[in-house]
Amino acid sequence: MLTVALWIIAGVSAQPGPHASPDLGITVHRISPRAAVFTVGPWNNSYLALATQKGIVVIDSGFSKTVAQAVRASIQAEFQRSDFAFLINSHEHSDHVFGNSAYSDIPIVGSDLLRASILRMKSEPASIAPRLAIPEESLARARQELSKDPQLAHDPRVSRSEEFWKVVQADYSAGVDFVPPAITFDQRLSLNLGDVSVKLFSFGHWHSAADTIISIPEEDVVRLGAILYAGQLPVVRYPYANEPLTAAIVDHWIAVLNEVMAQSGAKTQFISCHGWTVMSKAQCAPQVAYLGKLWKEVRRAKSAGRTLQQAKEALPRAQLFAEVAGLTNAADQVPNIHEHNIEELWTLAP
Ligand SMILES: [Zn+2]
């Protein structure tokens, strides 16, 4: 593993100025002595903060600059300190990186893939137009629902959600400053912060074009992001992820997941990037084992000269993959995940 000793910028002060942050209804969950998760907004985004001897490390910024500033102010209040040291970006979706400019006073850390994604946002603005339309579309949808059910006007969640989207929309109208990471890495990076180390694994194309798994061994926490979901069969290539995949990428996914599983234990908390669901190793490990086994079996069937249809018939989920028997097939975009996974892996198998 590549370990890089990094200079910590001393005495970095909190950025939000004297202006008051909007009340976005941020909630705080303390998950270990030095780590807390902050959730905010209608998408229930979660941002992880670590209070280390060498400063505060934050994972992901926010939907927009104002949202990220509000999260930053909450982190400062929770830990009663303002020595922010690093912002890490876990993947390039707007709800995780469009608020990066709220942390422009500290180094931003991300994979080479993530840096490339953010630079692409600058050079190809059309590629992020759908992302910039999210607040407006969400407000329009809310207005439609309100016209169908006027009682919703009395639901505080509805007004809070509307306020959130208006804040994001105003930021987007003013223009998003796409701040790429200054500290980047290809496969692995360790940040050594005195009492805590933060280990980053570039996962690659999965939920997005640039996913990173972040492990904090001293806190027994893994920020898994949107790579595995509790109780659901993993999906190989979401239909909205249209980057080209290769057999080497699949090998890499399985190697990284196996490495992360090997370093975790019964008490490890696997944290998502949305909501407040903590997964255990007992929930994650069977999904990882399933992926490894399916990839091996699909390659074996293809090299034995079987057709895709024959492979599907030879690899029934119920008999061959007992470890994931209890998992649902409920990913919104994929009706039959197991069959979809066989088809995707088939195209990549040598
Ligand atoms: Zn995402």
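Which loop holds Arg 34?

**Figure 1. Arg 34 sits in a loop between two strands.** The model shown here is predicted. Arg 34 is found between strand 1 (27-32) and strand 2 (35-40). Is Arg 34 buried or exposed? It has 21 C-beta neighbours inside 10 Å, and a residue needs 20 or more to count as buried, so Arg 34 is buried. Leave aside residues up to four places away in sequence, and Arg 34 touches Leu 50, Ala 51, Thr 52, Val 196 and Glu 219. Asn 100 lies 66 residues from Arg 34 along the chain. The C-alpha atoms of these two residues are separated by 23 Å.

**Figure 2. The largest nonpolar core has 89 residues.** Six members touch the most other members: Leu 50, Ile 56, Val 57, Val 58, Val 67 and Ile 213. Helix 8 (residues 281-303) gives this core its largest share, 8 residues. Domain 1 and domain 2 each supply at least three residues to this core. In soluble globular proteins, nonpolar side chains tend to be buried together.

**Figure 3. Ile 213 and its contacts.** What does Ile 213 touch, once neighbours within four places in sequence are left aside? Its contacts include two phenylalanines, Phe 201 and Phe 203. Val 222, Arg 223, Leu 224, Gly 225 and Ile 227 are also in contact with Ile 213. Val 256 and Val 260 complete the list. Ile 213 is one of the core residues that touch the most other members.

**Figure 4. Helix 5 lies largely in the open.** This helix covers residues 134-148. Of its 15 residues, the number buried is 1, so helix 5 is largely in the open. How far apart are its end C-alpha atoms? They are 21 Å apart. At 1.5 Å a residue, the helix should span 21 Å, so the two values agree.

**Figure 5. Two domains are assigned in the protein.** Domain 1 takes in residues 27-122 + 178-223. Domain 2 takes in residues 290-348. Their centres, taken over C-alpha atoms, are separated by 34 Å.

**Figure 6. The protein as a whole, for orientation.** There are 11 helices and 13 strands. The C-alpha trace spans about 70 × 55 × 40 Å along its principal axes. A compact globule of 350 residues would have a radius of gyration near 20 Å; the protein has 21 Å, which agrees. Buried residues make up 42% of the 350 residues. Among contacts between residues at least 6 apart in sequence, 71% join residues at least 24 apart.

Definitions and conventions
Residues numbered from 1 in each chain as written. Predicted model: local features only at pLDDT ≥ 70, side-chain atom pairs only at ≥ 80, totals over all residues. Core = buried A, V, L, I, M, F, W, Y, C linked by C-beta atoms within 7 Å. Buried ≥ 20, exposed ≤ 12 C-beta atoms within 10 Å, placed from the backbone. Helix = DSSP H or I, 4+ residues; strand = E, 2+ residues; numbered from the N terminus. Domains from an automatic or database assignment. Contact = placed C-beta atoms within 7 Å. Expected span 1.5 Å × (residues − 1). Rg over C-alpha atoms; globule rule 2.2 N^0.38 Å.
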